[in-house]
Number of protein chains: 2
Amino acid sequence: MTLDTAPRARSGGRAARRALRTAPNFTMLPGVHNQLPTCEILAGAQVERIDAATMDILENVGVIFRDDIALADWRSAGAKVQGDRVYLDRGLVRDLITSIPATLTLHARDPQKSVALGGRDAIFVPMTGAPYLRDLDDVRRNPTLDDLAMFHKLSHMLPALHSSAHHIVEPYDHPISQRHLRITYSSMKHSDKTFMGMTTSPRNAEDVIDMCRILFGAEYIDTHPVVTGNCNGNSPLVWDETMLGAMRAFCRANQPVLCSPFVLGGANTPASVAASVAQLNAEALSALAYTQVIRKGAPAIYGHYLSTVSMKSGAPMAGTPEISLMNFMIGQMARFYDVPWRTSNTLGGAKTFDAQAGYESATTLSAVMHAGANYIWHSAGWNEAGMHCSVAKFIVDAEQCAMAHRMAQGVNFDDFETALAAVPDVGPGGHYLGHPHTQENFQSAYFMPELFDNNSIEQWQAEGSIEITDRALKHARKLLSEYQEPTLDVAKNEEILAFIAKRETEIPASDELNQSF
Amino acid sequence: MTLDTAPRARSGGRAARRALRTAPNFTMLPGVHNQLPTCEILAGAQVERIDAATMDILENVGVIFRDDIALADWRSAGAKVQGDRVYLDRGLVRDLITSIPATLTLHARDPQKSVALGGRDAIFVPMTGAPYLRDLDDVRRNPTLDDLAMFHKLSHMLPALHSSAHHIVEPYDHPISQRHLRITYSSMKHSDKTFMGMTTSPRNAEDVIDMCRILFGAEYIDTHPVVTGNCNGNSPLVWDETMLGAMRAFCRANQPVLCSPFVLGGANTPASVAASVAQLNAEALSALAYTQVIRKGAPAIYGHYLSTVSMKSGAPMAGTPEISLMNFMIGQMARFYDVPWRTSNTLGGAKTFDAQAGYESATTLSAVMHAGANYIWHSAGWNEAGMHCSVAKFIVDAEQCAMAHRMAQGVNFDDFETALAAVPDVGPGGHYLGHPHTQENFQSAYFMPELFDNNSIEQWQAEGSIEITDRALKHARKLLSEYQEPTLDVAKNEEILAFIAKRETEIPASDELNQSF
C-alpha cells in the first residue's frame, strides 16, 4: 500500500518554514497508525465471559433474519432455522469469522490516498445521513445536492479526513429513488479520497458497485476494496431484508461491509453495560458470519452505532461514561475475534455548536482513540444527535482529528539528544525561544490549532470578539474559495454520467423528497 | 481511612428511586479509584532514557535555588553548591525521594470526606487563582470575598469535587497582604471537604498552618495531612525564595507540598516533547528531594502546570496533543519514582464558554484520567488560560468530573447474569424499556448528565432555546439557594476569627489590591 506522506517542516530553512506556516496545506495526512496503548478495560477472563454469553445468545435465543435468501443461505451453511429465526452454533460462528481479513487496504482513486485499516491502522470518515445542515451562515435547513457537494469538497481539503463518505447530508432537491446515484457521483467527482456506498436498497447498492466498476475497473474491484457499505442491525437481534440484500451486493463484489448493530443502551439492550455489549456482540458476529456465508474471505468490519438513552426523553445521548466504556470493551471484543472495527466519533446532542457539543465530541474522540478503533466514522459535523451536520463543527472536528492523529503518533525520540543539548545551552533561568533548536523545531514539535483562539482577551476583543462558530465558518469559506477539483478521467466521467442517465430513465422518480437518516 | 460512600440506587423500590431522581444529591462522591488501565505511552527503556537524561541534567547542569536557607540545607545534605546553583548527584536524589510516601490520606474536617491519594486513588480539586470571574450573569469582572465564598459553597455542594481548594478567585476587595487569612477562613467555613493552603509567602504559609492547627489540633496535623500547599517552579531549573520558604512551612508541619514546575512547552523548555519532560522531571525531582531534606518522610506530590505555547502569540494553549502526551509520560515518570502526582484538568483558553472551551476541557479531562493522575487540580471553572473562573463552566466541569468518576469505576459485572436473563425474555425485535430489570436498573446503569440537553430541537425551542451557559447558571443559582453551611465548632470558629483579627493588626494592610495569579 502506498500512503501519502505529508511533508514535514524538518528541513528547508527559515523561509521554507515560513511558507509552510502561511500556505494552506490540503495534503491528506497518512492514515492513523495508532501508537496509543489500547485501553484494555476488561480482564482476559471478562472478555471470555462476554464471548461465552454472546455464544449462548446466538445458540439459544437466536437472531431474526427477515429475508428469505438469508434464511436459505443459513440452512445451506448448516444453521438451525425456525421460521425467520436462525440459531447459530458457536462452532459454526467461530469457523465462519476466521476467514474475515484482519487488515485491509481501502483504495482511493488517487493511489496516494489509499489507506490501511485494521490492527493499529485507522481512518477518519466524516458524518453521514443528516436530514438538516447548519450552513455557511449557521442557518438550519434541509440540504441540497449543492450542499452535499460543499461537504465533499471540504472532506477533500481537510487533511485529517481520509474519506468523503457518501450522503453527509441528505440532498432533498433530488427524488429519493434516484438519490443514491447523485450522491455516489458527488463523492467520486469532488474528491479523490476513499468514499462510502449507499445501502438504502439492494438495487441501490448494486448501482453503487456498478459505478465503482466504471471508476476503478470491474476486475480491479473484485480484488481491491474501494467502497464500504454500512448495514445497520435492528436491535435487539434482528437483521432486515433491505440491509441483508445490500450486504450481499457488497460482499459478492468483495467490498467491505460494516456490520453495525444500532444500539440505544437501555432501550434496545439490557440496563447493563456488560450485558449490552454481549448482545451487541452477538448481533455483530451474526452479521459478520453471514458475510462469509455470502463470500468466504470477503472483507468485513465489526461495526456499531452506540448511544445511551436519556431517561427523561428516550433521546440518544453523547459523551456519557458508558459510551466510552462500551467503546473500550467493543474494541477488545473485535481484537479478540481479530477483525477490524468501526465506531462513531465526535457525536454531539447539542442543538447549536455550543460548549455541550465541544465536551461531547472531544470525549467521544478521545475514547475511540484509546479504544483503538479502525474505521472512525462520523468524525466531522455531527450534532443534534445526527439530525444536522454543522459546517462550523465539521471544520473544527476535522482539526480535532488532526490533533488526535498527532497524539496517536506517540512520542518522538529521534530528536531527543539534540533537544537535550539545548538544556545546558540555555541553563537555569534562561529562555528557549531564541535558541537555534527551538527556531528549527518549534513548528513541528507542538501542534497549533488554527480554530482555537489563544490570544489575550484584549486582542480577541480588538479582533471583534469572534467566537469559534464564526471563526470556523470563515475558515470554511476560505477553503471553498481555494478548492480545486481533482482531475477525473474524461472517458470514465462520461461513462459514469451515461450510467446515471440510463438508470434515471429506468428508476421512476419518486415524488417523495423526504428521507430521514 | 474513612471514605464517604455515596448511596446507590440499587435498592429501596420505585418510590425511593423516584425520590432519588428528583431530590438534589449533594453527597460527595468517594475519591476516584481509577480502574482505567494507565496509558503507558513510553516503553520501559524510554522511561529509563528520560530518567537518565534527568539525572544528567541534575548532576551537570544543576538547579538554581534562590534561597540561602535552601543552599545551606543542600550543603549539609551533601550536594555540590556553587553560587546559587545546586548540582545533585543521582544517588543522592534517588536516596532522598525514597522516603516520600507513595500514598496518603488527605483529612477533611468531616472525616467522611477524607480522601486517599496515590496509586489508583485520585481527587478532583477546583481551579484556583483567577483574577477575574464570569459571574452568575456571565459578566466578566474582578472577584470579591463574596464571590470566593460562592465558589466555596458550590465546591461544597458539587458531588464530584473533593476539595474547596483556596483562592478559586482572587478576592480584590481585601488587602493583598491579609488576603490569605480570609481565603483560608472561607475554605474552612463554607465547606467541610479538604482544602488547599496559600503559599504566597513563607509567613502566609505559616499562618495557614496555624489556622489548621486550630481547626484540627496541633498534634493531629503533625501526623495527618490536612492541607496541601502548591510551590511553582520557575522553569527552566529555578526555585525561588518565596516558594522555597512556603515549602519549608508545609514540610515542617508534615503537610503535602505539590512540587510544580511551571512549564510552557517551547518557551521555557526545549522544542521537543521528550526533552521537555526530561527537564520538567529534573525540576520536579529537585524539589521533591528538597522536601525530604526539610523533613524526611513528609508527604510530597510530583506536580506540574503544563501547557504548550502558541507560535503566533506566545500564549499558553490547552487541549493540544502534546499536552495529552506529556500527561501520559509524566504519569509514567511519577509511577517510576513511586510518588503521587498532580496535574491540571479541564483547562480552556477560550474567552467565553463556547465550543472551544468544551473541546479543550474534555480533551484534558480524558487525558489525565487515562494518565492515572492523583491530584487532579483545576477541575472546574478554568477558562481564558486561567484568567477567569466561569460559574457556568464550574458547574459543567464538575458534572464532567462526575462522569469521569463513573468511567473510572470500569465495568460492573455484578449484575451480568441477571441482566443477560432479560435477553431471552425480550427476544429478537422486542424492547427493554418495559422489562422489570430495566425498570429496576436504568437509573444506575447509565449516567444521565443534567447539564446536557438531549431533547429534540422542537422541545428545546419550546423551552426557550436555552444554551448550556444559561442552563448552567440557572443550576448554580438553584444550588446556592439550597446551600446549607456545614456546622463549624463554635469555639474553634471563634479561635480562628481571633487569630485572623490578631494577625490583621500585625500585618500592615497593603494599599495594593491587585494580584495576578
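Tutor: Just past the end of H3(B), B:Gly78 has a positive phi of about 100 degrees. This is a predicted model, in which local features need pLDDT of at least 70, side-chain atom pairs count only at pLDDT 80 or more, and totals for chains, interfaces and linings use all residues. Residues are numbered from 1 along each chain as its sequence is written, chains are lettered from A and ligands numbered from 1 in the order in which they are written, and side-chain values use heavy atoms, with hydrogens and water left out. Helices (H or I, at least four residues) and strands (E, at least two) are DSSP runs, numbered from the N terminus.

Helix H3 of chain B covers residues 68-77, and B:Ala70, B:Leu71 and B:Trp74 in this helix are buried. Buried means under 20% relative accessible area, exposed means over 50%, and partly exposed lies in between (1.4 Å probe, protein chains only). Viewed down the axis of H3(B), the buried residues fall within an arc of 100 degrees, so they line one face of the helix. The arc is taken from the directions that run from the helix axis to the C-beta atoms. An α-helix has 3.6 residues a turn, so residues three or four places apart point the same way. B:Asp68 and B:Ser76, on the other side of H3(B), are exposed.

The cover over the buried residues of H3(B) includes strands E2 (63-65), E3 (80-82) and E4 (85-87) and helices H4 (90-97), H9 (241-252) and H10 (273-294) of chain B. Cover is a matter of contact, that is, heavy atoms within 4.5 Å.

Take H4(B) next. At its start, a side-chain oxygen of B:Asp89 comes to within 2.9 Å of the backbone nitrogen of B:Gly91. A polar contact is a pair of N or O atoms within 3.5 Å; within protein, one must be able to donate a hydrogen and the other to accept it, and residues adjacent in sequence count only if both atoms are side-chain atoms. B:Leu92, B:Val93, B:Leu96 and B:Ile97 are buried in H4(B). They fall within an arc of 115 degrees seen down the axis of H4(B), so these residues also line one face of their helix. Their cover includes H2 (44-61), H3, H10 and H11 (321-337) of chain B.

Chain B also has an open sheet of four strands, in the order E10-E11-E13-E15, with parallel pairing. Two strands pair if DSSP finds at least two bridges between them. E10 (195-197) and E15 of chain B are the edge strands, each pairing on one side only. On average, neighbouring strands in this sheet are turned by 30 degrees against each other, direction ignored. Helix H7 (residues 202-216) of chain B packs on the sheet and touches E10 and E11 of chain B, its direction making about 140 degrees with that of E10(B). Axes are lines fitted to C-alpha atoms, for helices over the stretch in contact, and angles run from 0 to 180 degrees between N-to-C directions.

Within this sheet, E13(B) (residues 257-260) is covered on both faces: B:Val257 and B:Cys259 are buried on one side, and B:Leu258 and B:Ser260 on the other. In a regular strand the side chains alternate between the two faces of the sheet. E13(B) pairs in the parallel sense with E11(B) (residues 227-232) over four bridges, and B:Asn232 stands opposite B:Ser260. E13(B) also pairs in the parallel sense with E15(B) (residues 300-302), over three bridges. There, B:Tyr302 is the bridge partner of B:Cys259.

Last comes the link to the other chain. B:Ser366 lies in helix H12 (residues 355-371) of chain B, and its 9% relative accessibility makes it count as buried. Apart from neighbours within four places in sequence, B:Ser366 is in contact with A:Ser366 and A:His370. Chain B is superposed on chain A by a rotation of 180 degrees with 0.0 Å of shift along the axis, at an RMSD of 0.0 Å. This is the relation of a two-fold axis. Superposition is by least squares on the C-alpha atoms of residues with pLDDT of at least 70 in both copies. Of the interface residues of chain B, 100% are also interface residues in chain A, so the copies meet through the same surface.
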